[in-house]
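The entries below follow the order in which I looked things up.

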Amino acid sequence: MPLFHAIVRVDHHTAQVLQFDAAQVLAQQVREHVHCTRQHGSNVRSEHEFFGEVCDATKGIAEVLVVGSHAALADFRHYVEKHRAEVALRIVGWETVGHMSTNELVAMARRYFLVHAGMATPMKAG
């Protein structure tokens, strides 16, 4: 059963999808599969398939935070907005980060979602 929140660390070759709640973390790795094409130096097919697999790995997750290098985030965001609009609707943030451990990523995501949920909570009239 998918959990409500996830953080996805993406680069151009691998992605780490960490679904979590207060008690558990489920980790999944997605790796690029290189396909040779007739166009010398073309990696568009490989990149699109890889980014598609990353999107598929977030299926059923209500809120997703995506982190990575500036270049990887820009390319993944372009793919998501152009080819996977339904995934774009579930992405609540894009953050540029350097290399982080799994524990650091989960801690960052928990802080992010705590603030995000607090900002999204409507105030009651008193």
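Predicted model: local features only at pLDDT ≥ 70, side-chain atom pairs only at ≥ 80, totals over all residues.

**Entry 1: an aromatic pair**

Residues are numbered from 1 along each chain as its sequence is written, and side-chain values use heavy atoms, with hydrogens and water left out.

For rings I used this rule: those of Phe, Tyr and Trp (its six-membered ring) pair if their centres lie within 6.5 Å, and planes under 30 degrees apart count as stacked, over 60 as edge-to-face and the rest as tilted. The count by this rule comes to six aromatic pairs. One of them joins Phe-20 and Phe-113 in a tilted arrangement, 6.0 Å centre to centre with 50° between the planes. Phe-20 lies in strand E2 and Phe-113 in helix H4, so the pair ties together parts that are 93 residues apart in sequence. Helices (H or I, at least four residues) and strands (E, at least two) are DSSP runs, numbered from the N terminus.

I then looked up Tyr-112, which forms an edge-to-face pair with Phe-113, at 5.7 Å centre to centre and 90° between the planes. Tyr-112 is partly exposed, with a relative accessible area of 21%, whereas Phe-113 is buried at 4%. I also recorded one aromatic cluster formed by Phe-50, Phe-51, Phe-76, Tyr-79 and Trp-94.

**Entry 2: the chain as a whole**

I counted four helices and five strands in the chain, and from the N terminus on the elements run β-β-β-α-β-α-α-β-α. Buried residues make up 40% of the 126 residues. With contact taken as heavy atoms within 4.5 Å, I found that 62% of the contacts between residues at least 6 apart in sequence join residues at least 24 apart.

**Entry 3: the nonpolar cores**

Which residues touch the most other members of the largest nonpolar core? A nonpolar core is here a set of buried Ala, Val, Leu, Ile, Met, Phe, Trp, Tyr and Cys residues joined through side-chain atoms within 4.5 Å. Of the 20 residues in the largest one, those that touch the most other members are Val-10, Phe-50, Val-54, Val-66, Phe-76 and Val-80. At least two residues of this core come from each of strand E1 (5–10), strand E2 (14–20), helix H1 (44–57), strand E4 (63–68) and helix H2 (70–83), and H1 gives the largest share, five residues. Leaving out residues up to four places away in sequence, I listed Cys-55, Ala-85, Val-87, Ala-88 and Ile-91 as touched by Val-80. Apart from this core lies another, of 12 residues, with Ile-7, Leu-65, Leu-105 and Met-108 among them.

I looked next at Ala-109, which is placed in helix H4 (residues 102–120) and is buried, with a relative accessible area of 0%. Beyond residues up to four places away in sequence, Ala-109 touches Ile-7, Phe-20 and Leu-65.

**Entry 4: salt bridges**

I found three salt bridges in the structure, each defined as a side-chain nitrogen of Lys or Arg within 4 Å of a carboxyl oxygen of Asp or Glu.

Where does Arg-84 lie? Arg-84 is in the loop between H2 and helix H3 (85–88), and this residue is buried, with a relative accessible area of 17%. The side chains of Arg-84 and Asp-56 meet in a salt bridge at 3.0 Å, N to O. Asp-56 lies in helix H1, so the pair ties together parts that are 28 residues apart in sequence. Asp-56 counts as partly exposed at 47% relative accessibility.

The side chains of Glu-81 and Arg-77 meet in another salt bridge, at 3.2 Å, N to O; both residues lie in helix H2, four residues apart, about one turn of the helix.

Definitions and conventions: Buried < 20%, exposed > 50% of the residue type's maximum accessible area, 1.4 Å probe, protein only.
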